[in-house]
Amino acid sequence: MYPREDFSQAFEASVAANPMYSRFRRMPVSQELGLRESMLLFSCFEPRVIPEGSVIYEANTPSENEMYLIVEGTVSVSSASQDIYESLRPGDVFGLFSFLDEGRLHSATVTTTSELTVLVINRDYFDVITLEDPALGNEMLRFMFRMLSRMALKLESEYAAIHRFATGRRI
């Protein structure tokens with residue numbers, strides 16, 4: 001039988017050798033993670049490449065309960081009336097609200113504007129993680145909270161900029 005440390009070292013070596021892990025590690029949302037923590041969280045995600053021009057999901061449709069973290073490429077986010085109101089790039093996340101609230105319909109349409117590389121986790125797998133490894137599930141929840149916090153700060157800054165523009169005040 002092999003010692004547990006051998007498996008741990010093999011796991012760490014395989015994750016560290018993955019070029020997508022390096023990109024994940026450089027993202028602002030994961031920079032504050034410890035090495036072991038970042039490796040465990042990264043291993044929970046499935047990498048996926050989506051061609052340019054693909055509609056990932058549409059507004060007012062049921063969710064597949066997947067959360068996407070952009071590693072490479074961009075997407076446009078548009079309202080149900082097809083008005084584009086956001087462009088997301090590496091380090092941004094989408095699908096988080098409908099991932100967390102399983103009955104929630106998508107509030108926007110997300111379309112790739114270039115080839116997109118994402119890390120994806122679905123709710124069913126997340127639920128298994130939280131049952132089988134509560135400590136890792138807790139780490140994943142904290143990671144999602146960090147992403148929600150970043151999204152809230154971004155929206156707050158954008159709202160302030162729109163307010164200053166609308167009222168004619170400049171910085």
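**Exercise 1. Locate serine 63 in this predicted model and say whether serine 63 is buried or exposed.**

Step 1. Find the loop. Serine 63 is in the loop between β2 (55-57) and β3 (66-72).

Step 2. Check the cover. The relative accessible area of serine 63 is 15%. Buried means under 20%, so serine 63 is buried.

**Exercise 2. Which residues does serine 63 contact, leaving aside its neighbours within four places in sequence?**

Step 1. List the contacts. They are Ser98, Arg104 and His106.

Step 2. Look at the side chains. Those of serine 63 and serine 98 make a polar contact at 3.3 Å.

Step 3. Now turn to the backbone. A polar atom of the serine 63 side chain lies 2.7 Å from the backbone nitrogen of asparagine 65.

**Exercise 3. Which residues of helix α6 (residues 123-132) are buried, and why do they lie on the same side of α6?**

Step 1. Pick out the buried residues of α6. These are Arg123, Phe126 and Ile129.

Step 2. Take their directions around the axis. They cover an arc of only 115°, which puts them on the same side of α6.

Step 3. Recall the general rule. An α-helix has 3.6 residues a turn, so residues three or four places apart point the same way.

Step 4. Inspect the other side of α6. Asp124, Leu131 and Glu132 are exposed there.

Step 5. Go to the start of α6. A side-chain oxygen of asparagine 122 comes to within 3.1 Å of the backbone nitrogen of aspartate 124.

**Exercise 4. How many helices and strands does the chain have?**

Step 1. Count the elements. The chain has 7 helices and 8 strands.

Step 2. Of the 171 residues in the chain, 39% are buried.

Terms used. Residues numbered from 1 in each chain as written. Predicted model: local features only at pLDDT ≥ 70, side-chain atom pairs only at ≥ 80, totals over all residues. Heavy atoms only, no water. Helix = DSSP H or I, 4+ residues; strand = E, 2+ residues; numbered from the N terminus. Buried < 20%, exposed > 50% of the residue type's maximum accessible area, 1.4 Å probe, protein only. Arc of directions from axis to C-beta. Polar contact = N/O pair within 3.5 Å; in protein donor to acceptor, adjacent residues only side chain to side chain. Contact = heavy atoms within 4.5 Å.
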